[in-house]
Every structure is written in structure tokens, then in C-alpha cells.
Amino acid sequence: MLSSRPVLTLSALIIFLLSLFFFGFRPPSYYLTRPGVISSEFPDFGRFRSLETLHPEQFPLYDVDRRVIIVGDIHGMFEQFQRLLAKISYNPSSDVLISVGDIVAKGPHSGSMQVLDLMASHNVTAVRGNHDQQVIEWRTWIEWVHSLPGGSRWLSTANERWRKAQRHGADDVDKWVAEQVKHDRRHSQWWKRIPKKWTLFGDHYKIAEEMTDEQYVYMVQRPLRIHVPHAHTFIVHAGILASDPEYPSGHKRQPLAHIPPLPEDNQSLDKSDKISILRRLQEQAILSDVPQNTVPWNTLNMRGILSDHSVTRKQEGTPWAELYNKNMKRCAGFDAKEKSSLPCYSSTVIYGHAASRGLDINRWSIGLDSGCVYKRHMSALVLGGKLAQQSLTSDLEDRFDEEAIDIDGRIVSSKIQFGDSGRGKLYRVTCK
Ligand SMILES: *[C@@H]1O[C@H](CO)[C@@H](O)[C@H](O)[C@H]1NC(C)=O
Ligand SMILES: *[C@@H]1O[C@H](CO)[C@@H](O)[C@H](O)[C@H]1NC(C)=O
């Protein structure tokens, strides 16, 4: 008979190897979202809503009296955010405001708190950004420490000591924490509870500590992804893929390469209703069946796709938006016949995160982070309102009457095509 000890050791080894297999080869993640990776002692940092679906009332694309205003990364730049809204003549009683995430951090601390106050008190629609995620994780951690016996006392003493160290010239909190871990033996179990690579008492921490319970709830409720079926639009912070780069884009496992089965109950509908149901199902399949899109870390961080098909947060490989547009341009409707085309309809993605690329307008992807926090611009895309009428009456190739604006070195019209046959208008303010 086996004694229980080797069995235990063996199962521990198997669990370790399995977890390495599942979690070990993904991108490094301190703003994490890999439940299970962090030891079970820690609270669950991976709480998120995966998806929010917006109805026409929440995204009034075809209402001439209402507008949808989608703002790029704000990062606590409150004054510039206010100027941008004033420039657009934002009317909270009729317009819908939407953020592509990263509403706080990096900018002035007081600005982060003001932006958070405005967003949370108006329950503004927004996806979660990677910086928002860090704030959520710190708040979860702080509440966890306070819930442990002696936790509140340790944390306030540590905070006091860090302030004192700063008065004596210390300026690197990570280095200071490393010293505490080494020398403050009496509290070593506390210092070890700080997850690796997290910066204690930094701005994310301070925002997390100061925000009210209501603001915390608002942040936790931010979904990773928004789907707007009637506008055939996705909103994410960093990125999304239209197909799994591991396989050719025409491979039958790709959502855009096959028409989803029509539900039994929908068989008797007319053709245009069938198409709209199938489009919705195909868009949902992009979110659920492209494996990279189901990894929260990717949605919050993705920038490029490397030659080994892996996702990176660095500016390396092919920008994901390039692949996305390439895929979407092959869509030729469900009756597609040509070999180079796919049986799909194109959908649009609106995102932020990529400040280094600036405003990045492509036919099927709209990147709105134009680097306000780096003293460049804060941008917004406006849909609906008067544009709702124009999209019905004017043809696509007409000349835009607005003067062209120069965006990050390129000349782009302030009016852009949006979705199947709509129009959008870009606004921006300078952030000097
Ligand atoms: C905020 O809006 C969402 C819909 O986007 C809704 O589900 C939620 O209940 C609202 N929260 C509050 C506090 O009003
Ligand atoms: C289509 O089928 C779904 C699922 O069976 C059903 O819930 C829905 O009401 C149907 N839609 C229409 C417009 O008939």
C-alpha cells in the first residue's frame, strides 16, 4: 500500500505542473486576471464582468435628438476632459457618454478623483482599462488587509513610516518595501502579503484608498467588453481579434468563415430579419470563440501579435488593429461567393490604450487614445444626432464640409465613416 505522504507530494506536483501549464506561459501579469495564479491566501483579484450588451436606448445611433459621445483615455485629466465635453456641448439629459477605459491614474491625483466622482455619480458607460484594473486590485487588497486581525494597525504604521522615510529623502517605495521585507522581521508576514511587482502607496494605491464604496462598486462593475448589436460595434480598452491568428482567417473554425446556425424559432422570419439575427450571433461568436478574446489580460493590454501568434502588450509584431481590418475587409455578406471573401458582415471596434499610435482611424477600427496625459490631445468620437440624418440622405463619397484636422501628423477629416453606412465626427482638445 502507498503511504499517504508520497501520494500527497505527487498530487501537489501534478497540481503545480498543471497550473504551470495553464497559467505559466501567459504574459506576465501583475494586473493580473489569472485567478488561481496568486496563492489562495490572497483575495480574488480577478473579479470582472466579461461583457455588457447595450440596447438602442443606451447607444442611440439613429436618434436625431440624441448623441453618443465616446471619449478616449482620460487618465485623470479632469480639466481637459471638461473642456472636451464643453467643446462638444455635451448635454447629460440627452447625450450618452461612453469611455474606452483608463479613466484614472498617470495624470494628477486630484484629477483622477474628480473624474472618478463624475463617472461614478453619473453611472457613465465605460469599459475597464488596465489602470482601472490596478486600482480595483489595490482596493480589493486594502479591504482584505483591513479584514485581517492587526491588518489596519500594520498598514497605518507602514504608511506613517513611509512618509517619515520620504521626509528623510527616500523616493523609491519599491526599494523601501524591499528593505522592510528584509529587516522588519517582526512584520515579515505582512510585508510578504504585498503581491510581487505591485507598488505600495503609489498613485493607484492612493486612488484605491480614497475612493468611496460607491465608486469602488462602479469600478468593479466596469465590463471588459461592450457589444452594441444594433450598431455592429465592440468597445474594448486595448484590443480584440476577428480571428485566431493560429489558423488562416478562412479556416472553418473562425467565426467569420462560417454562417452561424439559425435558431429553429427564427426560420420563418423574412430575409432581412434573419440576417440581423445571424449578424448578432456571428458578432457574439467573435467574442466567445476566438480564444484570445476570452483572456481578460488580452482585452486590457494587447497591442501587437508576434510572429509566433502570441499576444503582446509591447509595441512589437503586427498591430492587432491591422489584422482586424484585414479580416473585416474580406466580409462580403452571407451570400459571399468569391474565394477571397468570407461569409460575414463587418463590425467596428472602438478602443483606447495605444497612445503611442495616436488617434488611429481605420475603416473598421477607431483608436481614440491620442495621449492627453503625454501633453498631446484628448479625443472623442460623436455619433447620432444630426449625423444620424446625414447618414440616411448623403452618399458615402460626398465631400465633408468640415475643415480637415491634423491629427498626430496626418491629415484626417473630422468626419469619418462609421459602421455599415453611418457617420461619426471627431473632436479633440489640446493637453499642454
Ligand atoms: C448603472 O447602469 C447600468 C447599465 O449600464 C445598470 O445596470 C446599473 O444598475 C446602473 N447602476 C446604478 C447604480 O444606477
Ligand atoms: C429567434 O430565436 C430566438 C431563440 O430561439 C428567440 O428567443 C427569438 O425571439 C427569435 N427572434 C425572433 C425575432 O423571432
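Author: A polar contact here is a pair of N or O atoms within 3.5 Å; within protein, one must be able to donate a hydrogen and the other to accept it, and residues adjacent in sequence count only if both atoms are side-chain atoms. This is a predicted model, with pLDDT of at least 70 for local features and 80 or more for side-chain atom pairs, while totals for chains, interfaces and linings use all residues. Side-chain values use heavy atoms without hydrogens or water, residues count from 1 along each chain, and chains are lettered from A and ligands numbered from 1 as written.

Reader: How far is the polar side-chain atom of asparagine 266 from an oxygen atom of ligand 2?

Author: Pro263, Asp265, Asn266, Leu269 and Ile277 surround ligand 2 (a heavy atom within 4 Å). Aspartate 265 puts a polar side-chain atom 3.0 Å from a ligand 2 oxygen. For asparagine 266, that distance to a ligand 2 oxygen is 2.5 Å.

Reader: How many of the 18 residues of H4 are buried?

Author: Helix H4 covers residues 130-147, and its end C-alpha atoms are 26 Å apart, which agrees with the 26 Å its 18 residues should span at 1.5 Å a residue (1.5 Å times one less than the residue count). H4 is mostly covered, with buried meaning under 20% relative accessible area (1.4 Å probe, protein chains only). Of its 18 residues, the buried number is 15.

Key: Helices (H or I, at least four residues) and strands (E, at least two) are DSSP runs, numbered from the N terminus. Buried means under 20% relative accessible area, exposed over 50%, partly exposed in between (1.4 Å probe, protein chains only).
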